Every structure is written in C-alpha cells, then in structure tokens.
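Please look at the structure before reading on.

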Amino acid sequence: MKAKNCLIFGGSGQIGRHLLRKLTKNNYKVTVVTRNIHQKGHIIKTQGNAGYIDIVELNIFEEAKIRKLFEKADICINLIGILYEKRGSTFKNIHTLFPSILAKLCKQYNLNHFIHLSALGINEATDSNYAKSKLEGEKEVLKNFPLTTILRPSLVYSSSDTFSTSMMTLLSRLPVFPLYYSGKTSFMPIHATDLVDVIYNIISKNIYSQIIECVGPETLTFKEILEKLLLLINRKRFLIPVPLMFGKISAKIFQLFPKPLLTEDQLRLLKYDNVVSGKYKTNLDIGYPAKCLFHEEVNKYCYMWREGGQFSKKNI
C-alpha cells in the first residue's frame, strides 16, 4: 500500500512528537513545518526512521510557500496553538486566521482529511479571548472545508508538557500555593499518547465527525491534581484559596514576563470546568477511550522533582 502523506503544523510540541512516532511507525510519510529548523530540527528528525520525515522551514503565514506543500499532501493536521499572546502571535492570528487558510487550501487541493486541534470548554468561556478565538477558528474551518474533524481535548499532559512539569517545579519551590476559584475547576486530563491514538484512528479509519471532545478516564479538580502531584514528588505544601482580586493583581504582573505563569485571560478561563459538554461525540463514543491514569503516568517522570532526583526512592 502506498504511504499516505501527512502535512503537520506544530509537529515539535508534545502532541506532535508523539504523533510523528505513531504515524511513521505505521507507514505514513510526514512533512513537518517549523519556523526554526535549527532549534526544532533535531527534535523532529529523531521521532521517526530516515526517509519518513521531511522538515520544511517557513513562516506559517507565507501562504505562497505553504501552498506548494499541499500539492503532495493527502492529510493536513494542525496542532498549533498558544496560551498567551506575544508580538505577532495573537490569538486571532494563530487560532482563527491560520486555520482558516489551511482549510481553504485543503479544499483547493482536494485533501482527504483535515484534523484541527481546538480546546475543550470554549463554548462556555465567553469572556476569554483565547476561547473566542478558538471558537471562531472552528467556524471558519468548518465553513471552508467540511471534511474537517475538530478535536477538543481537555488538559493534555506528558513528560514533555508545560503543565505537570511546571506545576511540579512550582510545588517543589514554593511553601504556599494559591488556589484560584478555590481549586474547584474540573478537568479530565488526557495523556498525549491517548490523544495521538485518537488522531491516528481517525485518519487511518476515515472517521468523519465534525467535533470530537477528547478526554481522559477520570475527572479531577485543580486542587486534586495538585494534591496528586505533591504526593508523587513527596512534598508537603499549603494549598490556600485566595481572593479573586489577588489573582487578578498577580496575573497583571505575571503577564508582563516573557513566559508568563498566569495571564488575566487564563485566569478568566480557569473558572470554567474543562469537561465533556454532552453536546458532541467524545473519543469514547467513536470507540477509542483513553486508558492512561494521571497519577500512574506522571509517576513515570516525576522523580526529578523529588529530593534526590533520579536517585530518589519510590514511595508511592
């Protein structure tokens, strides 16, 4: 069977790396677009056997150059997203305009499928610029290319994420950790490998469903997630609910940093539960339930945040 060609945007992130390994292992040829081949090239090249991965360096808004990549593509996968804005990378540019461009090109070049990664809970978060840009992007994509499958994952985690690793770093250093909204916001964390299995089966078995909510097997509040992380790294910390005004002031300060720990928009987003809505199909409905449990997976890489690091003894 002739190998299908996948064109991937955002292939160097945590989801992208897992996806590259899965696709190349199953005889898919992959073209990965990156803005900086010198920084990301070595990461991307090591995710599959020689001959299965091509790397192209270009700015994602250079439409003339992107257009050429669609000539040989069968499937397009967009994993690009940002959690905060900086310089030219605005929510509107990344989450709305860019996916719209890709969808139009998918239609023009008659691709078999377009997989677009969005986010869970965006319908309810009407006061979040992040959520509004994601929702608008979904509308543009479906309008321009009906053969699109939009994935809305809850919190995605793995050893190369920016959530669990950052939280463990903060918990290992701070004696007190603030809980915004009393830590009651609910999530259904899904491991990157489970999400990648969903993506792979959608494209390999030609599953066409406009929106699929992708969630893990358990529902955890933000406070419960922190408690699990503290247990895993064998630390004791005070988790203190703080007034919303304190959170707003903190966010105003943090968002001035190059890589902010918290922004005002993220704080607004945090008040909405990140769980299945009941309005759309889930990964369970299409036959691919997530299997990885949060504490079991994080336990595989949390040792670096324990006393003694890699030499620490397991006590979980």
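## Largest cavity

The lining of the largest cavity divides into three nonpolar, three polar and three charged residues. Here Ala, Val, Leu, Ile, Met, Phe, Trp, Tyr, Cys and Pro count as nonpolar, Asp, Glu, Lys and Arg as charged, and the others, Gly among them, as polar. The lining residues are L120, G121, I122, N123, E124, R152, E213, S277 and Y280. About 40 Å³ of space lies in this cavity, and the structure holds two cavities of 30 Å³ or more.

On a 1 Å grid over the protein atoms alone, a cavity is a set of points where a 1.4 Å probe fits but cannot get out, and a lining residue has an atom within 4 Å of a point. Grid points are joined across faces, edges and corners, and a volume is the space filled by probe spheres set on the points.

## Basis of the values

The model is predicted, so local features need pLDDT of at least 70 and side-chain atom pairs count only at pLDDT 80 or more, while totals for chains, interfaces and linings use all residues. Residues are numbered from 1 along each chain as its sequence is written, and side-chain values use heavy atoms, with hydrogens and water left out.

## Second largest cavity

The second largest cavity has a volume of about 30 Å³. Its lining is made by I80, I94, H95, H116, L117 and K134. Two or more of these residues come from each of α4 (91-108) and β5 (113-117); helices (H or I, at least four residues) and strands (E, at least two) are DSSP runs, numbered from the N terminus. Three lining residues are nonpolar, two polar and one charged.

## Second largest pocket

A pocket is an open set of points with protein on both sides within 12 Å along at least five of seven lines. The second largest pocket has a volume of about 250 Å³. Of its 15 lining residues, N5, T31, D54, L69 and K72 lie nearest its centre. The elements β1 (5-9), β2 (29-34), β3 (53-57) and α3 (63-69) each give two or more residues to the lining, which divides into eight nonpolar, three polar and four charged residues.

## Helix α8

Which residues of helix α8 (residues 222-232) are buried? They are F222, I225, L226, L229, L230 and L232, where buried means under 20% relative accessible area (1.4 Å probe, protein chains only). These residues lie on the same side of α8 because they cover an arc of only 165 degrees around the axis, taken from the directions from the helix axis to the C-beta atoms.

The buried residues of α8 pack against α6 (164-173), β8 (176-179), β9 (186-187), β12 (220-221), β13 (238-241) and α11 (294-298), contact being heavy atoms within 4.5 Å. Just after α8, N234 takes a positive phi of about 60 degrees.

Methods: Buried < 20%, exposed > 50% of the residue type's maximum accessible area, 1.4 Å probe, protein only.
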